[in-house]
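Have the sequence and the structure open as you read.

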Amino acid sequence: MRRSVAGLAARAGGSAALLALAGCGSNLGAPEPASEQGRTVLDMWRVLFWLSAAVGGTVLVLAAIAIVRGRRGDRDELPAQSHGSALLEGVYIAIPLGIVAGLFVYTLRTDEIVNDEVADPDVVVEVTGYRWGWRFEYPDHGVLVESIAGETPEMVLPVDADVRIELASSDVIHSFYVPSFLTKRDLIPGLRSHLDVRTTRVAELHGHCAEYCGLDHSRMDFTVRIVEADEFDAWADETARESTR
Amino acid sequence: MTTLADPPAPAPDDAPEPARPPRLGDGLADWLTTTDHKKIGLLYMGSALVFFAVGGLLATVMRAELATPELDLVSRETYNQVFTMHGTIMMFLFAVPMATGLANYLVPLHIGAPDMAFPRLNALSYWLFLGGGIVVLSGFLTSKGAADFGWTAFTPLSNATYTETIGADLWIVGLGLTGIASVIGAVNILTTVISMRAPGMTMFRMPVFTWSMVAVSFLMLMAFPVLTAAMVMLFTDRNLGTHFYDVVDGAGMPLLWQHLFWFFGHPEVYIVALPFFGVVGEIIPVFSRKPLFGYVAFVIATMAIAAYSFTTWAHHMFATGEVLFPFFSGLTLIIAVPTGVKFFNWTFTMWGGRLSFETPMLYALGFFVVFLIGGLTGPMLAAISFDVHVHDTYFVVAHMHYVLFGSAVFAMFGAIYFWFPKMTGRRLGEGLGKAQFWCLLLGFNLTFFPQHVLGLEGMPRRYAQYDDRYADLNVLSSVGHLFTLVAAVLFAVNLVRSWRRVAPDAEDPWGGHTLEWATSSPPPPHNFDRIPPIRSRQPAFHLRHPELLEEVDG
């Protein structure tokens, strides 16, 4: 496929505007969460973004003032040769230390919320990653979904449900990543892990393999379709019948 | 781009008639057998620039492929080799040797020594590095191509089952050689600094660049042997049937590789960055006409960063869910404090100074802005829940380029423009240099800033093709790369043009502060005909301004 240079340039201009918009949008570039945990992570991103903007802005303003003021005056005349100031240095060590201490506490608390385990999940999906596809098994529903060449496998989940996604790999390391859940988890051969997600809205979501796994890594996509509970039951019944046939 | 290969060409060290331009054939044998730290430094830097050009062209292939969502320029096999070798070259064969080359050239001059402590070991280190680099690249000559498992070579993907190619073995062996070269170089630098300082050059009068190399040498001594050991185990897994990293019979453990690799890999980031923090710590004071603000704090911050860098490796592994989150998150966050100290050191050095904006200063300021952004996304990646969302996406690609391109490219160009007169007796053109700077600043930000958003949206890294919804920002990123290419060409032109004329004012064009500016440019083979009295941290400055010496302690 070819695009003209002008076309590329036009797209580039358009995407510059998009970039500005992404910065101003309420999600600051992150996807609209489809899980409760995702909302928490999005809140965290907002905090991190504005905190960093404040810190970076302060440093840049200080540097800009120094630069603008430093342009004045005769260059051949030496300025006062100051070597430091214990007070100022103490201040600029103490303030960042306070900020990162706060950030540390906030990080641990957020992690506790996001990784809080559900005692009794509503749906369990056993995910197996392999080069280069996915197998989604629903042990409680007798359902099996597997990648077919040329098609994107689909995981169907009920809305407003606690979902446990069990993860295993049968060859190399993969990573189960649904951007709208704002989290991911590696699938490591020889280890089992899981991810708990509480779905919050009906949606059709893209999923990727996020850990590089060789030749077709970039084609190891899947979709997650979140539907109403009764629709999920109907889908499970029908798919279970198909699987047993 | 092959013009970048030329810098190792002779610098007229002791040329009797400096007006005669050196010929390429001059003393080839001399360059092959030299143990002069200055020549070895130039060889290192010249080789690093050649590898930089190769790695940069591989980036061009990637940005061309990613200009459209479909696969339309190279095959997936080729793309995977290209990003693997781009990362490998830039980390191991460009950034580290470039800093090593600068250190080779500058450390003895900075401390008033006639050469490194072990000149022949120094030559061995360079030739091991060059040989290793060539072995790594030779993978491209094999029928199945170079290594294609990413520069991180995660197991089990990199074992013989999933990567059969001989290119992978060449990658392991070649990097093993460069690792040994780094260890030897580190021993040499530490010994030189400890035992060969001139009278009066106390440790706390050394330039901050040399201090940074002390810290980096400790990092190399501790990090590279771990990498070498990990590589040996990977090699035996692949070729001798051991099972360190695979799960056959529950024998091995894939995550072991990640622990070992990142135990090396995180200090590696600072092995790349710290020398250039030092470079900026040399440039900003000279162009502010003031000493570095808070020198002692700067040195302690350097040591603190080096020490903490060994306690943070598993923040690269949060998505595995298999590491102790609070420990690695907390210690990663702490590094922001000493790094922040440096930003304030630089800022308050400029504060109240008389600033001028020649090319080296522009690059130092470019570094300041670019690294600031990379430094701000760093603590974000220590915030576990957020990190797990953007881990392995373009957000991380953007972050690491802001950090590493900021230091190893912006600050490197600052170093080259700053010390080029010292090394060659010539000057790089200011006009071309400034044009190159603005081109690079624009191109770099256009290429990498959008990648933050791509990562937030969820685009994983190491994808040869991608969903249409990621297309617009990828186009922007590819367009940005074109400006970077223009900047590279401007630099090559500048290098070639500067070669033709010996600058009359190259002796000390900037009014340098540190000891290397107290000898001729280029320095004689033994460095100093006469070492000036060293009674402060700025001996060359106080040679010109003895009246200011009284005010200075230290």
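## Inside the predicted model

The largest cavity has a volume of about 910 Å³. A cavity here is a set of points, on a 1 Å grid over the protein atoms alone, where a 1.4 Å probe fits but cannot get out; grid points are joined across faces, edges and corners, and the volume is the space filled by probe spheres set on the points. In all, the structure holds six cavities of 30 Å³ or more.

A word on ground rules: this is a predicted model, where local features need pLDDT of at least 70, side-chain atom pairs count only at pLDDT 80 or more, and totals for chains, interfaces and linings use all residues. Residues are numbered from 1 along each chain as its sequence is written, chains are lettered from A and ligands numbered from 1 in the order in which they are written, and side-chain values use heavy atoms, with hydrogens and water left out.

By class, the lining of the largest cavity splits into 29 nonpolar, eight polar and three charged residues (Ala, Val, Leu, Ile, Met, Phe, Trp, Tyr, Cys and Pro count as nonpolar, Asp, Glu, Lys and Arg as charged, the others, Gly among them, as polar). Which helix gives the most to the lining of the largest cavity? That would be α13(B), with nine residues. Helices α2, α3, α13, α14 and α15 of chain B each supply at least two.

Also in chain B, α10 (336–350) has 14 of its 15 residues buried, so it is largely enclosed by the rest of the structure. Buried means under 20% relative accessible area with a 1.4 Å probe, protein chains only. After α10(B) comes B:Gly352, with a positive phi near 75°.

Over in chain A, there are four helices and ten strands. These are DSSP runs numbered from the N terminus: helices are H or I, at least four residues, and strands are E, at least two. Of the 245 residues in chain A, 47% are buried.

Five chain A strands make an open, mixed sheet in the order β3-β2-β1-β5-β8. At its edges stand β3(A) and β8(A), each with a single partner strand, so one side of each has no neighbour in the sheet. Strands count as paired if DSSP finds at least two bridges between them.

| Strands | Sense | Bridges | Facing residues |
|---|---|---|---|
| β1(A), β5(A) | parallel | seven | A:Val124, A:Arg164 |
| β2(A), β3(A) | antiparallel | four | A:Tyr138, A:Val143 |
| β6(A), β7(A) | antiparallel | five | A:Ser175, A:Asp186 |

The β2(A)–β3(A) hairpin has four residues between its strands, and A:Gly142 there takes a positive phi near 65°. The hairpin of β6(A) and β7(A) also has four residues between the strands, with A:Leu182 at a positive phi near 50°.

How do the faces compare? On β3(A), A:Val143 and A:Val145 form a covered face, while A:Leu144 and A:Glu146 form an uncovered one. Both faces of β7(A) are covered, with A:Thr183, A:Arg185 and A:Leu187 on one side and A:Lys184 and A:Asp186 on the other.

Terms used:
On a 1 Å grid over the protein atoms alone, a cavity is a set of points where a 1.4 Å probe fits but cannot get out, and a pocket is an open set with protein on both sides within 12 Å along at least five of seven lines; lining residues have an atom within 4 Å of a point. Buried means under 20% relative accessible area, exposed over 50%, partly exposed in between (1.4 Å probe, protein chains only).
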